[in-house]
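Reader: Hey, can we go through this structure together? I'm new to this.
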Amino acid sequence: MPHVMALKDGRNETVLDLDDALELVERYAGHGLREFLEEKLSDSEELEAYLEELAKSHGEELERQGDHQRALLNGIREEAEALAGLLDASWLDRKKLKSIVKNIWRMCNWEL
């Protein structure tokens, strides 16, 4: 999108992109300032690319962690449902209760 820049001498210049702006800098402030700005802009572009890659890699890791946590919670829920079913039975099967509790503890300990 074009921008109109008002210069100190009262003239207006149309700037279409960064290169146009850098040409204005070079014309009115010199080549050294243009090189300085290009160097700083290059550093910021590298940083931006690094941050995008970092966000992408961490986003994938967070998604994997979320999938793992969902699977773990589903497993614990299934064990808790089995435990609830055993507790509702007319007689308690202590061996099965102990096995289910052991499974829940094992899943929790894996995560700790």
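Reader: Okay, which residues make the nonpolar surface patch?
Author: Leu47, Tyr50, Leu51 and Leu54 make that patch, which covers about 380 Å². A patch takes residues with over 30% relative accessible area and no salt bridge, and nonpolar side chains (Val, Leu, Ile, Met, Phe, Trp, Tyr) are joined within 5 Å. This is a predicted model, where local features need pLDDT of at least 70 and side-chain atom pairs count only at pLDDT 80 or more, while totals for chains, interfaces and linings use all residues. Residues are numbered from 1 along each chain as its sequence is written, and side-chain values use heavy atoms, without hydrogens and water.
Reader: Is leucine 54 buried, exposed or partly exposed?
Author: Leucine 54 counts as partly exposed because its relative accessibility is 31% (buried is under 20%, exposed over 50%, partly exposed in between, with a 1.4 Å probe and protein chains only).
Reader: New topic: how many salt bridges are there?
Author: The whole structure has seven, each being a side-chain nitrogen of Lys or Arg within 4 Å of a carboxyl oxygen of Asp or Glu. One of them joins arginine 70 and aspartate 67, at 2.6 Å from N to O.
Reader: Where do arginine 70 and aspartate 67 sit?
Author: Both are in helix H2, three residues apart, so about one helical turn separates them. Helices are DSSP runs (H or I, at least four residues), numbered from the N terminus.
Reader: And which residues form a salt-bridge network?
Author: Glu26, Arg34 and Glu38 are linked that way.

Definitions and conventions:
Patch = residues over 30% accessible without salt bridge, like charges linked within 9 Å, V, L, I, M, F, W, Y side chains within 5 Å. Areas by Shrake-Rupley, 256 points an atom, 1.4 Å probe, with all protein chains shown as cover. Helix = DSSP H or I, 4+ residues; strand = E, 2+ residues; numbered from the N terminus.
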